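Subject: A structure for you to look at

Hi there,

Here is the structure I promised to pass on. Have a look at it first, then read my notes below.

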Amino acid sequence: MGFLDGIFGRKTDCYQCEKIVKERNTLFRRGLRFCSSECVGLFLHENPPKTAVGGTPAHYTQQVIVEINSALGELAQLVRATGGSFSAANHHGAVGNIVGGAAALTDFNQAMSCVGQFNDYVRTALPYVHALGRVNDAETLETIDLDPILMMSRSVASHGGLQQGNIRRLTEETYQKVSAIVHAVATGS
Ligand SMILES: [Zn+2]
């Protein structure tokens, strides 16, 4: 049993059809959970993405960079809030080293606030990402799920080192993914 099984032993209901499913078996999209790709498809069909209008591509690009860089800053904060340290040397390049810090008390409220802010920045960026026609990047951003990190941050106090390592690993993966998008948008690649 992997560490994610413990976290996702919980059950939840599909946002689209309300079927009760194990959370680890759900698909995550725009902050919601679904039982199947069919339900995701139905939801997206009924709720098409918002697209920014009236601006220039340069303006949209700038907005994406500002919002996504702020989101990346929240990921760094998240690691600090759970007792680690995070040093991202270059927001537009390779991921910085995330170095484990001394054991610290988990500030779960702060971690929760970081996740909330990250989601807000991503939500604000999405209409600009769509306006640039970057459908794949938008999909990647819409499927980033930080709940497992949040769940783990609850138990740092009892499983300090192990959970801090897991949190760092998942946060680093997310950071890489999001960082690659902002890099691609910034360079128009
Ligand atoms: Zn469903």
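Helix axes here are lines fitted to C-alpha atoms over the stretch in contact, and angles run from 0 to 180 degrees between N-to-C directions. The helices themselves are DSSP runs (H or I, at least four residues), numbered from the N terminus.

Please keep in mind that this is a predicted model, where local features need pLDDT of at least 70 and side-chain atom pairs count only at pLDDT 80 or more, while totals for chains, interfaces and linings use all residues. Residues are numbered from 1 along each chain as its sequence is written.

Start with the pair of helices α4 (residues 108-131) and α5, whose axes come within 9 Å and cross at roughly 165°. That makes the two roughly antiparallel (angles over 145 degrees count as such). Where they meet, Val-122, Leu-126, Val-129 and His-130 of α4 touch Asp-137, Ala-138, Leu-141 and Glu-142 of α5 (contact means C-beta atoms, placed from the backbone, within 7 Å).

Now turn to α5 (residues 135-142), where Asp-137, Ala-138, Leu-141 and Glu-142 are buried (20 or more other C-beta atoms within 10 Å; exposed means 12 or fewer). Seen down the axis of α5, these buried residues fall within an arc of 135°, so they line one face of the helix (the arc is that of the directions from the helix axis to the C-beta atoms). On the face turned away from the buried side sit the exposed Val-135 and Asn-136.

Finally, find Ala-111 in α4. Ala-111 counts as buried because it has 25 C-beta neighbours inside 10 Å.

Enjoy exploring!

Definitions and conventions: Angles under 35 degrees count as roughly parallel, over 145 as roughly antiparallel, 65 to 115 as roughly perpendicular and the rest as oblique. Two residues are in contact if their C-beta atoms, placed from the backbone, lie within 7 Å.
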